[in-house]
Amino acid sequence: MTVCEYRPGLEDIPAAQSSISHVDGQKGILEYRGIRIEELAEKSTFLETAFLLIWGYLPNRHELAAFQSEVLNSRRIKYRIRDMMKCFPESGHPMDALQASAAALGLFYSRRDLHNPIYIRDSVVRLMATIPTMVAAFQLMRKGDDPVKPRDDLGYSANFLYMLNEKEPDPLAARIFDVCLILHVEHSMNASTFSARVTASTLTDPYAVVASAVGTLAGPLHGGANEEVIEMLEKIGSVENVRPFVEDALHRKAKIMGFGHRVYKVKDPRATILQNLAVQLFDKFGYDKYYEIAVELERVMAEKVGNKGIYPNVDFYSGLVYRKMGIPTDLFTPIFAIARVAGWLAHWKEQLAENRIFRPTQVYNGEHGVAYTPINQR
Ligand code: ACO
């Protein structure tokens with residue numbers, strides 16, 4: 001075996017063989033199971049896309065209806081999970097609440113039967129169905145309200161928005177939200193997916209797999225960037241302030257949130273779709289001054305660092321969409337997780353099919369043969 005050089009961040013080192021999604025970062029192409037993201041965003045639904053990713057093919061009418069009804073009928077969470085969530089501090093971040101709740105689910109479903117397709121299917125359905133309910137429940141409980149029960153007549157995305165805002169969403173907003181979930185569901189070997197696969201490779205349960213991936217997604221260099229984009233746009237405050245803001249940040253070598261990607265060296269195709277969705281929302285529900293600031297920021301960044309391949313990523317416009325829907329900023333990353341759980345589960349299933357526990361190596365650069373110093377001599 002050839003010994004590879006150490007590459008910080010494992011850049012360009014394959015960690016798995018996968019047929020789930022493909023990213024061409026030079027051409028700005030993203031495909032799920034070979035289908036272009038633009039086509040799925042236009043024609044598919046989140047649950048159909050999740051089925052495609054997890055089971056590897058587009059479901060027929062009967063299969064899709066069965067999957068939808070299983071998910072829709074599994075959305076309620078146990079009283080004891082709700083009671084546990086009530087004890088969480090209301091000042092805590094919803095991603096931490098979600099990570100703890102996802103892990104707690106494993107306490108209730110501790111049987112582990114990883115070779116049984118029914119166990120796999122039940123776990124997929126349970127996690128996909130209950131994670132939105134847990135996100136919405138924590139949001140209401142931290143305000144001192146009781147969680148809202150899921151509504152059986154509403155689809156996946158419409159029901160989530162209903163549970164969050166206690167009112168039925170506008171159909172355009174519900175469809176746009178569903179498309180946002182399609183855009184966030186999967187993205188090859190990113191940090192949280194890698195984390196999910198490493199955890200899966202130990203043959204632990206899928207709740208631990210999802211909990212570890214949620215913890216990884218939470219960081220500001222990954223899913224957490226969408227929250228920081230909104231905070232940054234608010235701080236910039238006006239179109240005139242964009243250029244001095246960018247110049248100052250680049251001078252300090254500070255990262256501008258929502259820009260740059262390990263793989264994309266052109267504009268992320270999901271950012272282009274999200275920008276169009278944002279415009280549709282503004283056309284129907286009114287203009288947002290932060291959109292103009294964002295467009296100017298994109299323009300100035302292209303001028304200053306476009307030659308380095310730094311363009312908007314998925315997180316740049318998603319916050320503007322969620323903000324227009326009245327969603328609090330600290331729920332943006334949990335919403336990312338609601339979508340991405342299906343991608344993580346697709347990788348969990350793929351990892352199990354040809355599992356070998358992850359056990360990379362390291363380049364040791366410490367000392368050898370060091371004498372032990374007794375405590376009274378240190
Ligand atoms: N703003 C300014 N400069 C940037 C940015 C940015 N957002 N991103 C990269 N650069 C510059 C770096 O300063 C560096 O410049 P240098 O070569 O002159 O030193 C060069 O581009 C390479 O940057 P790295 O950080 O080494 O690139 P890496 O591939 O490790 O990081 C990452 C990718 C983490 C996404 C980075 O671009 C970043 O921190 N972006 C901001 C956070 C963000 O938006 N994260 C969301 C990513 S999408 C997702 O996870 C869902």
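Helices here are DSSP runs of H or I with at least four residues, strands are runs of E with at least two, and both are numbered from the N terminus. The model is predicted: local features need pLDDT of at least 70, side-chain atom pairs count only at pLDDT 80 or more, and totals for chains, interfaces and linings use all residues. Residues are numbered from 1 along each chain as its sequence is written, and side-chain values use heavy atoms, with hydrogens and water left out.

**Whole chain**

The chain holds 16 helices and 3 strands. Its C-alpha trace spans about 70 × 55 × 50 Å along the principal axes. The radius of gyration, taken over C-alpha atoms, is compared with a globule rule of 2.2 Å times the number of residues to the power 0.38. For 378 residues a compact globule would come out near 21 Å, and the chain's 22 Å agrees.

Colour by accessibility next. Buried means under 20% relative accessible area, exposed means over 50%, and partly exposed lies in between (1.4 Å probe, protein chains only). Of the 378 residues, 51% count as buried. Contact means heavy atoms within 4.5 Å. Among contacts in the chain with a separation of 6 or more, 77% join residues 24 or more positions apart.

**Helix H7**

Select residues 156-165, helix H7. Here 9 of the 10 residues are buried, so the helix is largely enclosed by the rest of the structure. The buried set is Tyr156, Ser157, Ala158, Asn159, Phe160, Leu161, Tyr162, Met163 and Leu164. Step just past the end of H7 to Glu166, which takes a positive phi of about 60°.

Is Glu70 buried, partly exposed or exposed? Its relative accessibility is 27%, so Glu70 counts as partly exposed. Leaving out residues up to four places away in sequence, Glu70 touches Arg121 and Val125.

**Thr130 on H6**

Select Thr130, in helix H6. Thr130 has 3% relative accessibility and therefore counts as buried. Show its polar contact (a pair of N or O atoms within 3.5 Å; within protein, one must be able to donate a hydrogen and the other to accept it, and residues adjacent in sequence count only if both atoms are side-chain atoms). The Thr130 side chain reaches the backbone oxygen of Arg126 at 2.6 Å. Beyond its neighbours within four places in sequence, Thr130 is in contact with Ser74, Arg75, Arg76, Ile77 and Leu105.

Go to Asp12, in the segment before strand S1 (21-24). Its phi is near 65°, a positive value in a residue other than glycine. Asp12 is exposed, because its relative accessible area is 66%.

Finish at Lys253. Where is it found? Lys253 lies in the loop between helix H12 (242-251) and helix H13 (269-285). Its phi is near 60°, again positive in a residue other than glycine. Lys253 counts as exposed, at 74% relative accessibility.
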